[in-house]
Amino acid sequence: MKHKLLYFLIIILLLFVYLLAEAEAWLIQELSDTQSKIARSAHFDHTTGRVKNIETTTELFSVEKGDKEKRSSARIMYELFLNPNKPNHIPVVSGSLKTAPDRDFVLWYGHSSYLLHLGDKNILIDPLIGKDAASPIPFINTPFAGTDAMTIADDVPQTIDLLLITHDHYDHLSKQTLTQIVKNKMVHRAITPIGVGKYLKHFGFPENIITQVDWGEKVKIDDVFSIDTHTARHFSGRGIFNKNKTLWVSYVLHYGDKKFYIGGDSGYGKHFAEIGQQYDKIDWAFLENGQYDQGWREIHSFPEQTFQAALDLKAVHLFPVHNSKYKIAYHDWDAPKKDLWAVWQKNPTAVHLVTPKIGEIVLLDETYQSVAWWENIQ
Ligand SMILES: [Zn+2]
């Protein structure tokens, strides 16, 4: 009886969350160029208005027989949305920006949020900083203890030269973080996939700094920086009915002759090798490694696939993200790290694995020594 009541309450809560999300997605006005960009795009199905993956992709597979017990609906909701079995405390280095050397570096905020400091420019990717929940409701999908220590005031530079958003999911596009950033920092330019720009405008960004991109475009930023946009194998949406109405992208950021692959979320697919073939090498590949499951095996990658994707891309450094801050799958928080580490150790010369703590400055001009810092964290 008690169990049923809990189940009922969770359903009501989720319905409420979805209605809120749905309302936001429908009520916000599109940017003025969205419709014409969709009309020109070969990647939207023009009858349904929804994005099509390059490869046939199933978003959700039905539950396997043996897993039925483990995956009752009540348990799924409890595990994914209320984050039980969180690690007690994940160590985070906060405030490191204040003492950062005047050199190229990357700073990881946990999950898929990071800052690239290249020359005198700051490029911020999919920021969720500090206490942000990866959902529209502040107490659902909260960060693991310790990982909320960084703040927008101390850990985000005053000037953001370029903001890159990969897609509109709540763990990549945060109203809370972005409204604070636009209020308190100077953002010069933002790039989003087609259809996602409206959220930035709604959060307070001026429309004239937002560029919405399709797959296969080139965007010149200045004489040193440019961006190529590529596909990813994923999906989009912030509610039930707006699924795949906006695009998702991956980026290759050129900085002089250096190339950074900003993967966003992606299941493994042939696109990694196809992108890899277009470049002599990728210096740094930021790839998702975490929140995978057999149930959604085509839209997120398992650790061995993340490793293979890095090889396909001809990456010199592999920086795994999409882990260590939120629980959005059934696996233990440290499983992506342990499993990728094990795969990498079988072939350690293939790619430099970069595994810093959240908030640590990683200098891009020095060889990074991989460390398994997550060992012994309960
Ligand atoms: Zn996603």
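**Figure 1. Overall view of the protein chain in the predicted model.** Residues 24 or more positions apart account for 70% of the contacts in the protein chain that have a separation of 6 or more. The protein chain contains nine helices and 18 strands. Its C-alpha atoms fill a box of roughly 65 × 50 × 40 Å along the principal axes. A compact globule of 378 residues would have a radius of gyration near 21 Å, and the 20 Å of the protein chain agrees with this. Of the 378 residues, 44% count as buried.

**Figure 2. The open sheet of seven strands.** The strand order is S10-S9-S7-S5-S4-S3-S18, and the pairing is mixed. Which strands stand at the edges? They are S10 (210–213) and S18 (361–363). Each has a single partner strand, so one side of each is left without a neighbour in the sheet. Ignoring direction, neighbouring strands of this sheet are turned by 20° against each other on average. Strands of a sheet pair through backbone hydrogen bonds, either parallel or antiparallel.

Figure 3. Strand S9 covers residues 190–193 and is joined to S10 by four bridges. The two strands run parallel. In this pair, alanine 190 stands opposite isoleucine 210 of S10.

**Figure 4. Strand S13 between its partners S12 and S14.** Strand S13 spans residues 250–255, and five of its six residues are buried, so S13 is largely enclosed by the rest of the structure. With strand S12 (residues 225–230), S13 pairs in the antiparallel sense over six bridges. Aspartate 228 faces valine 252 of S13 across this pair. S13 also pairs with S14 in the antiparallel sense, here over five bridges. Histidine 254 stands opposite lysine 259 in S14.

**Figure 5. The hairpin turn between S13 and S14.** How many residues lie between S13 and S14? There are two. Glycine 256 is in the turn and has a positive phi of about 60°.

**Figure 6. Strand S15 and its parallel partners S14 and S16.** Six of the seven residues of S15 (residues 282–288) are buried, so this strand is largely enclosed by the rest of the structure. Strand S14 (residues 258–262) pairs with S15 in the parallel sense over three bridges. Phenylalanine 260 stands opposite tryptophan 284 of S15. From S14 the chain crosses through helix H7 (residues 271–277) to S15, in a right-handed β-α-β crossover. Strand S16 (residues 315–321) is a parallel partner of S15 too, with six bridges between them. Across this pair, glutamate 288 stands opposite valine 321 in S16. S15, helix H8 (residues 303–312) and S16 make a β-α-β unit that is right-handed.

**Figure 7. Helix H8 and its surroundings.** Is H8 mostly covered or mostly uncovered? H8 is mostly covered, as seven of its 10 residues are buried. The buried residues are Pro303, Gln305, Thr306, Phe307, Ala309, Ala310 and Asp312. They pack against H7, S15, S16 and helix H9 (335–346). After H8 comes lysine 314, whose phi is positive, near 60°.

**Figure 8. Leucine 313 in the largest nonpolar core.** This core has 85 residues. Those with the most contacts inside the core are Tyr114, Leu164, Tyr261, Ala285, Phe286 and Leu313. Leaving out residues up to four places away in sequence, leucine 313 touches Tyr261, Phe272, Ile275, Gly276, Ile282 and Ala285. In soluble globular proteins, nonpolar side chains tend to be buried together.

**Figure 9. Threonine 142 in a loop.** Where is threonine 142 found? The residue is in the loop between strand S5 (121–125) and helix H4 (152–155). Threonine 142 has 22 other C-beta atoms within 10 Å, and because the cut-off for a buried residue is 20 or more, threonine 142 counts as buried. Glutamine 158 is 16 residues from threonine 142 in sequence, and the two are 26 Å apart in space, C-alpha to C-alpha.

Technical notes
Residues numbered from 1 in each chain as written. Predicted model: local features only at pLDDT ≥ 70, side-chain atom pairs only at ≥ 80, totals over all residues. Pairing = 2+ DSSP bridges. Axes fitted to C-alpha atoms, helices over the stretch in contact; angles between N-to-C directions. Rg over C-alpha atoms; globule rule 2.2 N^0.38 Å. Buried ≥ 20, exposed ≤ 12 C-beta atoms within 10 Å, placed from the backbone. Contact = placed C-beta atoms within 7 Å. Right-handed = clockwise from strand over helix to strand, strands pointing away. Core = buried A, V, L, I, M, F, W, Y, C linked by C-beta atoms within 7 Å.
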